[in-house]
Amino acid sequence: MAHKQQLPDVIGNTPLLYLRQASELTGCDIYGKAEFMNPGGSVKDRTALGIIRAAEQAGELQPGGVIVEGTAGNTGIGLTLVANALGYECVIVMPQNASEEKVRQLEMLGAELLLVPAVPYSDAHHYIHTAERIAAGRAREESHGAIWARQFDNLANRQIHCDTTGREIWQQTGGKVDGFICAVGTGGTLAGVAQALREQNPAVKIGLADPMGSALYSHFQGTGLQAEGESIAEGIGVSFVPGNLEGLELDYACRIDDDDALPMIYDLLKNEGISVGGSAGINIAGAVAMARELGPGHTIVTILCDAGSRYQSKLFNPEYLWKRKLPYPHWIAN
């Protein structure tokens with residue numbers, strides 16, 4: 001009798017795709033973990049599953065309970081799908097500048113959605129702080145209890161990436177991985193994968209690709225939390241150090257401009273048939289930078305976080321890009 005798989009069972013075990021152009025550009029083998037092939041369409045499905053399973057094991061989440069989270073969208077989508085599958089309710093707090101595609105998807109999935117102004121983390125009305133307040137209120141009201149998912153500081157996030165993403169990368173490369181690099185939203189993917197790979201081989205180089213507008217590059221350079229410029233990439237880049245990053249030591253860090261990241265997205269789609277969002281563009285540009293740093297002949301892995309269709313109104317909207325003086329390919333302007 002076949003195993004009766006349900007949605008939580010098919011999260012993870014995503015393919016590792018060879019990125020031909022990035023590899024030819026650098027003389028390295030560059031691979032992207034196809035996280036857009038998760039059921040909820042992003043790497044955040046893993047985070048959602050890890051957080052919910054940890055809350056269940058700790059006895060914090062009872063059947064019929066409520067999960068509250070502040071998110072730029074993908075974690076909300078992952079949490080809502082897993083919650084639907086396991087019998088929980090979801091309350092999602094999102095900044096108003098999140099893509100309309102993500103907003104519509106969360107409404108379709110049945111999340112209770114609250115959109116709040118996009119303000120700095122230091123503002124009490126920031127979506128993360130708002131989620132914390134809502135969770136505290138719901139915990140007092142709900143007969144089955146409520147939890148705040150706390151994806152930035154909840155170490156269940158880091159742990160599931162260590163247990164799944166990192167181990168998958170090691171197996172899929174046959175242990176022949178020299179470097180891993182990605183951007184940080186919560187830090188769970190980078191810190192978890194780093195832990196898993198370094199347990200197998202302490203010599204694996206770990207890198208951060210930081211978008212403009214984020215303060216983590218300067219933090220790891222030892223110059224404090226200083227942000228410069230801005231990026232249209234969603235879900236990555238923060239002005240504080242998430243708990244998931246604590247204790248992580250990096251071998252390499254770079255700051256990536258949208259002008260460098262966006263052509264990576266368009267070239268990958270047009271020439272290799274792989275559709276990814278803005279954060280994956282930052283990641284691929286970061287992998288190319290790391291490859292140039294290490295020199296030819298190395299194997300480097302990054303994360304293809306989600307699909308371009310989730311950002312069609314921004315990444316593939318020539319008017320939006322033109323207004324921001326950002327590059328776009330001729331074929332989307334027709």
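On a 1 Å grid over the protein atoms alone, a pocket is an open set of points where a 1.4 Å probe fits, with protein on both sides within 12 Å along at least five of seven lines, whereas a cavity is a set of points from which the probe cannot get out; lining residues have an atom within 4 Å of a point. Grid points are joined across faces, edges and corners, and a volume is the space filled by probe spheres set on the points. The model is predicted, so that local features need pLDDT of at least 70 and side-chain atom pairs count only at pLDDT 80 or more, while totals for chains, interfaces and linings use all residues. Residues are numbered from 1 along each chain as its sequence is written, and side-chain values use heavy atoms, with hydrogens and water left out.

**The second largest pocket**

The second largest pocket holds about 230 Å³ of space. Its lining is made up of 16 residues, of which L25, P263, M264, D267 and V288 are the closest to its centre. Helices and strands are DSSP runs numbered from the N terminus (helices H or I, at least four residues; strands E, at least two). In these terms α1 (20-26), α9 (258-272) and α10 (278-294) each contribute at least two residues to the lining, and α9 gives the most, with seven residues. For the classes, Ala, Val, Leu, Ile, Met, Phe, Trp, Tyr, Cys and Pro count as nonpolar, Asp, Glu, Lys and Arg as charged, and the others, Gly among them, as polar. By this scheme the lining of the second largest pocket consists of 10 nonpolar, one polar and five charged residues.

**Charged pairs**

Side chains of opposite charge can pair when their charged atoms come close. A salt bridge is taken here as a side-chain nitrogen of Lys or Arg within 4 Å of a carboxyl oxygen of Asp or Glu, and a search of the whole structure finds 13 of them.

| Salt bridge | N to O distance |
|---|---|
| E234 and K102 | 3.0 Å |
| R138 and E142 | 2.9 Å |
| D251 and R198 | 3.0 Å |

The setting of these pairs can be described by accessibility, where buried means under 20% relative accessible area, exposed over 50%, and partly exposed in between (1.4 Å probe, protein chains only). The salt bridge between E234 and K102, with its closest N and O atoms 3.0 Å apart, links distant parts of the chain, since E234 lies in the loop between α8 (216-220) and β9 (252-256) and K102 in helix α4 (residues 100-109), 132 residues apart. Both E234 and K102 are buried. In the second pair, R138 is buried, with a relative accessible area of 17%, while E142 counts as partly exposed at 24%.

The salt bridge of D251 with R198 (3.0 Å, N to O) also links distant parts of the chain: D251 is in the loop between α8 and β9 and R198 in helix α7 (residues 188-200), 53 residues apart. D251 is partly exposed at 42% relative accessibility, and R198 is partly exposed at 23%. Elsewhere, K33, E35, R46 and E168 are linked in a network of salt bridges.

R310 is placed in the loop between β10 (299-304) and α11 (312-315), and it is buried, with a relative accessible area of 8%. Lys and Arg count as positive and Asp and Glu as negative, with His and the chain ends not counted; on that basis R310 has no salt bridge, and the nearest side chain of opposite charge, D306, is 5.0 Å away. A polar atom of the R310 side chain does, however, lie 2.8 Å from the backbone oxygen of G40. R310 and S99, 211 residues apart in sequence, have their C-alpha atoms 7.4 Å apart in space.

S218 belongs to helix α8 and is buried, with a relative accessible area of 4%. A polar atom of the S218 side chain lies 3.0 Å from the backbone oxygen of A215.

**Backbone angles**

Most residues other than glycine have a negative phi, and most peptide bonds are trans. N13, although not a glycine, has a positive phi of about 55°; N13 is in the segment before β1 (16-18) and is exposed, with a relative accessible area of 65%. K325, also not a glycine, has a positive phi of about 55°. K325 sits in the loop between α12 (318-323) and α13 (330-333) and counts as exposed at 74% relative accessibility.

Note on methods
A polar contact is a pair of N or O atoms within 3.5 Å; within protein, one must be able to donate a hydrogen and the other to accept it, and residues adjacent in sequence count only if both atoms are side-chain atoms.
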